[in-house]
Amino acid sequence: MPIDDVYEDLRRLAEAYFRRQDPGHTLQPTALVHEAWLRLAQGPAIADREHFLAVAATAMRQILVDHARRRGAAKRGGDASRITLDDAVSPAPAPALDLLDLDAALTMLARLDPRKARVVELRFFAGLTLAEVAAVLHVSAVTIGTDWRMARAWLSRELGSAVA
Amino acid sequence: MDHERFQRVAELFEQGCRMPPERREAWLRQSAGDDESLCAELRQLLAADARRAAEPDDDPLARAARRVTAEALDALAEETLPRRLGRFAIEAVLGAGTSGVVFRARGDGESVDVALKVLHGGAGSARAHQRFRNEAHILARLRHAGIVRVTDSGVVAWAGRQAPYLAMELVEGERLDAWARDHRPPPAARLAVLRDVARAVDHAHGHGVVHRDLKPANVLVRPDGSPCVVDFGIAHALAALDLTTLETASGQLLGTLAYMSPEQVSGERNVGPASDVYALAALLHELLMGAPPLDVRGLTLPAAARRVSEGVPPQLQALRDAHGLALGSVVERALRRDPSERHATAGAFADELQRLLDGGLSVEPVHPRSVGAHAVAARRGPALSRHLPAATALAAAALIAWAWSARPPGTAHTAGVPERVADRAPASGFRVAGAHSVLTPHDGGQRQRLVQAATPGQLSRIAELRRLDEVGGLSAATIAELSENLVATGDWDAAIALERRMLANAVAREAGSAVEVKQSTRLGWLLLASGREAEAEALFARARALQPPAGPVSPAQLEARVGQGCCLSHDASRRAESERLILDGERALEAALGADDARTQRALRCVVALLEQLGRQDEADRQRARLVGP
């Protein structure tokens, strides 16, 4: 499943998605990726689904980063009123993380340890749980857990005060 | 920090995590020793780790990432589909191009939706925006059933930029090419729609507006069949933009190039109403032939531009053949490279189309069987449609066989031209292409050459015969040549009529004779090849039923067996019978006449076509190898 095709599919899907079926609801990229999967494949085998998600995560990241770059300035803070806070988000608005910073940090991490960066990418852009990440990467859950722990520590330090 | 060092850090970090905090410092000293930076690194990482949440999803990093990606997605959404623009509530995206987007929107306080075309703010210069606005004002003055009505224009803030917009009536309709594809209208209806479009364009010309971007996407056909030109003059505003700044939605640009007049492509100054006339003709060409005159699909941008400004439309002869000289010449004139040679106005072009319609362009195709997406309305003789149904694969085989050395046995080969014609037929002849045996007749050029190859005597004979004069007095050989010549020049009706005459003569002379058998078979092949299977089958059956005067079954009757099998091939319930007839018949012919005899070869072609149709490709290939000639 070449990444360009997935990119295009996600792009089109994103555009179709944004017909405001549910105005005011902030769409999570993960929901989009899963929806893309459902649309692109009927009755998927587990292996296919995971492979798809692995590719989709990268595609999603690319889409969002490209778009943020095109917009020019980094999105800082953002308009609090534009984002609907869902349960997972802390009610106290923190000085926000910048997507491009996150992307840059991830890219740096990938140079140092590709798998750890991959774990983060799959978690953040495809919304996979650690167990699912382990399945996609064909590595034990314990190893993934360790990867995650190190990656988050490293990223947190890199991104500094932007992360609470 | 490099890869190896990072691994070291990671290892130590993992250990450090397991270490109880109070023992950490000592362990650090022990493990990292003198490497101060390593120690510092680890201390920082372990501190960061201390802040992690128990639940990975609860983790501050994860939460922050979620928030920022949602935000990014939101921004993407806003750019793709804003909720509001100015006084309009946006409902949906109707279409998007390189220059802007068309939304379905509703102005505040209004009762109907409009089509809101918005240029991407910032695209092009302020001058281009000004021109856009000027055009909008002109358009607002145009009132014509065939031109989309403009209701409002102005500027809105979109994604932080000033974007010019045009609010238009929302036209319910299909794009011109989709309409043609979905509804399959007859040629006359297509002409009528194009005529209406030309009249609308003419109206705009009268107000000093040239469209410059007529293409299928810009012509919508309403449910009642009336067309509406949209995107009027917008292209003009964008002409100021450098082509290179347009993104490589190159499919879209190529879509425009295909209908663009040469002077437009070259960027010359004499772009005017005649440029629209060119585009109108290009649209008509596509409606009639399935593709614009200069097809640029699959080409790179520079190659496409070159093709448009220098190329010669290759299908004009085919258009003439299919739709007649009159229509062909109208289209041809409108497609001239020199604008001054075209119709001066879109109105003049529309008048020509009206004249053609009044002159009674036949609406029904001559052969109902041959209706395809672009039904052929023949004027003189049937021009075989390019899309024969699959069932006539065997008819196609018969056709090849017939056109090639189809002389009845016993006729002398005369020297000179007739032989050349016959020899030429296979080389430039009918080809069976692909598993579905789409038949492609001689193209016009080849046909012309064949006619030229005939002697003046033959040509006058042909002319006489087309009037179905007396065929008595001509030898069988001459008749056969003439018949072949007629087939080769595509004049099937005349060839069939001639053969019928011959058959009638044979029956009149001596019913039930061997001559009648042979003649019936000949006529049968012709009818089969031209799609008249029922009649062909009747003839073949009759030929078989006639008792030969003496001796074994005659070759002609064996041929009739094969021919009948071909006729039955499309009838699913008689498929087994069909197969038996063809295969047995061919075998018998081979036994009686040898593999190289023309009649055996003809039957062999049918066998090959049959085997291919049955999917027995290996066998088909083996048999094909035994064929002599193409």
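Q: How many helices and strands does chain B have, and what makes a stretch count as one or the other?
A: Chain B has 27 helices and 11 strands, where helices (H or I, at least four residues) and strands (E, at least two) are DSSP runs, numbered from the N terminus. This is a predicted model, in which local features need pLDDT of at least 70 and side-chain atom pairs count only at pLDDT 80 or more, while totals for chains, interfaces and linings use all residues. Residues are numbered from 1 along each chain as its sequence is written, and chains are lettered from A and ligands numbered from 1 in the order in which they are written.

Q: How many helices and strands make up the secondary structure of chain A?
A: Chain A comes to seven helices and zero strands, and from the N terminus on its elements run α-α-α-α-α-α-α.

Q: Why are β5(B) and β6(B) said to pair?
A: Two strands pair if DSSP finds at least two bridges between them; strand β5 (residues 150-158) of chain B and β6(B) have eight bridges, in the antiparallel sense, and therefore they count as paired. Within this pairing, Ser153(B) stands opposite Leu166(B) in β6(B), and in the hairpin of the two strands, which has two residues between them, Ala159(B) takes a positive phi near 50 degrees.

Q: What makes a residue of chain B buried, and what percentage of the chain is buried?
A: A residue is buried if 20 or more other C-beta atoms, placed from the backbone, lie within 10 Å of its own, exposed if 12 or fewer, and partly exposed in between. Buried residues make up 44% of the 630 residues in chain B and 35% of the 164 residues in chain A.

Q: Why is a set of residues called a nonpolar core, and which residues of the largest one touch the most other members?
A: The name applies because such a set holds buried Ala, Val, Leu, Ile, Met, Phe, Trp, Tyr and Cys residues joined through C-beta atoms within 7 Å. Of the 73 residues in the largest nonpolar core, Leu116(B), Leu194(B), Leu280(B) and Leu283(B) touch the most other members. Helix α11 (residues 273-289) of chain B gives the most to this core, with 11 residues.
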